[in-house]
Amino acid sequence: MSEPIRFSPALLESITDQLRTCGNNEAECVVYVTAANETPRKADGFIHPRHSRSAVATEVALDDLTRIWTELSATNKRIVCQVHTHPGSAFHSSRDDELPVVHSNGFLSLVLPAFGQTGLVGAHLAVYKGGGRFSSVPGDELSEFFDIADG
Amino acid sequence: MGRPADMHRTFGVHVLTKGRMRWKETTMTMDATAAKKQMTVTYEYNGQFFPDAVVPNQQIEASWHKALQHFAISPADARSQNLGLFLNGNPVDRHQSFASAGITENATLRIQPLVQGTGQR
């Protein structure tokens, strides 16, 4: 197994702020966490795509995915994790399974409950296994995938 | 007009005319030497690149599978309707040769999702 992805507390706070602000406690939101290609296990920022907005779904269309792919190549970065919110409890829905932003095996998808109002409390992490299948990570194993620390 | 059998010598594209898709041949032809000329197609996915040495008359599909393997994408996802292949922003049908797709010299091909979605819709 590869080493966990390191998030700084400040980056994590910025991500949850974005999800809460965009969602405004009434709509889901999604962001893509990035890392430099030279240091793919160290999260260094996030991209907030233009997405459709409703209480139960988000959708990012081809034109914005194209814009993001171009930005990643130009900045020598990659997406290492997607984070989105749910109105209620956090889990991975069939639509979450079918339409990830990255199809590489091992890609991480984090779901925050209550439109992100509770931060990581009650969050659900899933790992991509290919073919539209994600595997859920038990809460006590989150530290094997995420390391929240400065530096 | 049907799709030409000799894909290595006759180029063509699917064009949409008045709502109907049809095959349009061009007068451009390629001799046997040009069809075997070595070139590099570089696949771009999620900010990363994978070069593959190919020849114009080679089928794209085999090269595409090598690229997906490099990016840790499973064969099941290779059949996904949500992974597209693009050249300069235009979709490429990977079930043909590079030459048939108009790729006869070094090129960058982008692999990317067509849509990303979440939720219970």
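**Close-up views of a predicted two-chain model**

From the N terminus on, the elements of chain B follow the order β-β-α-β-β-α-α-β-β-β-β, where helices (H or I, at least four residues) and strands (E, at least two) are DSSP runs, numbered from the N terminus. The model is predicted, so local features need pLDDT of at least 70 and side-chain atom pairs count only at pLDDT 80 or more, while totals for chains, interfaces and linings use all residues. Residues are numbered from 1 along each chain as its sequence is written, chains are lettered from A and ligands numbered from 1 in the order in which they are written, and side-chain values use heavy atoms, with hydrogens and water left out.

**View 1. Chain B as a whole.** The secondary structure of chain B comes to three helices and eight strands. Of the 121 residues in chain B, 49% are buried, a term that stands for under 20% relative accessible area, with exposed meaning over 50% and partly exposed the range in between (1.4 Å probe, protein chains only). Among contacts in chain B (heavy atoms within 4.5 Å) between residues at least 6 apart in sequence, 47% join residues at least 24 apart.

**View 2. Helix α2 of chain B and its surroundings.** Helix α2 of chain B, residues 60–70, has the buried residues B:I60, B:S63, B:W64, B:A67 and B:L68. Seen down the axis of α2(B), these buried residues fall within an arc of 140°, so they line one face of the helix; the arc is that of the directions from the helix axis to the C-beta atoms. The buried residues of α2(B) pack against β3, β4, α3, β5 and β7 of chain B. Just after α2(B), B:A72 takes a positive phi of about 60°.

**View 3. The interface of chain B and chain A.** In this interface, 27 residues of chain B are in contact with 41 residues of chain A. The area buried between the two chains is about 2800 Å², of which carbon and sulfur atoms give 47%; buried area is the accessible area (1.4 Å probe) that two parts lose on being put together, summed over both. The elements that give two or more residues to the side of chain B that touches chain A are β3 (39–45), β4 (48–54), α3 (75–78), β5 (83–87), β7 (107–113) and β8 (116–119) of chain B.

**View 4. Helix α1 of chain A.** Helix α1 of chain A (residues 9–23) has 15 residues and reaches 21 Å from its first C-alpha to its last, close to the 21 Å expected at 1.5 Å a residue, where the expected span is 1.5 Å times one less than the number of residues. Its buried residues are A:L11, A:L12, A:I15, A:T16, A:L19, A:C22 and A:G23. Down the axis of α1(A), the buried residues fall within an arc of 140°, so they line one face of the helix. The face of α1(A) turned away from that buried side carries the exposed residues A:A10 and A:T21. Just after α1(A), A:N24 takes a positive phi of about 50°.

**View 5. Two loop residues of chain A.** A:N76, in the loop between α2 and β6 (77–85) of chain A, has a positive phi of about 60° although it is not a glycine. A:N76 is partly exposed, with a relative accessible area of 31%. A:A114, in the loop between β7 (108–112) and β8 (124–130) of chain A, has a phi near 50°, a positive value in a residue other than glycine. At 24% relative accessibility, A:A114 counts as partly exposed.
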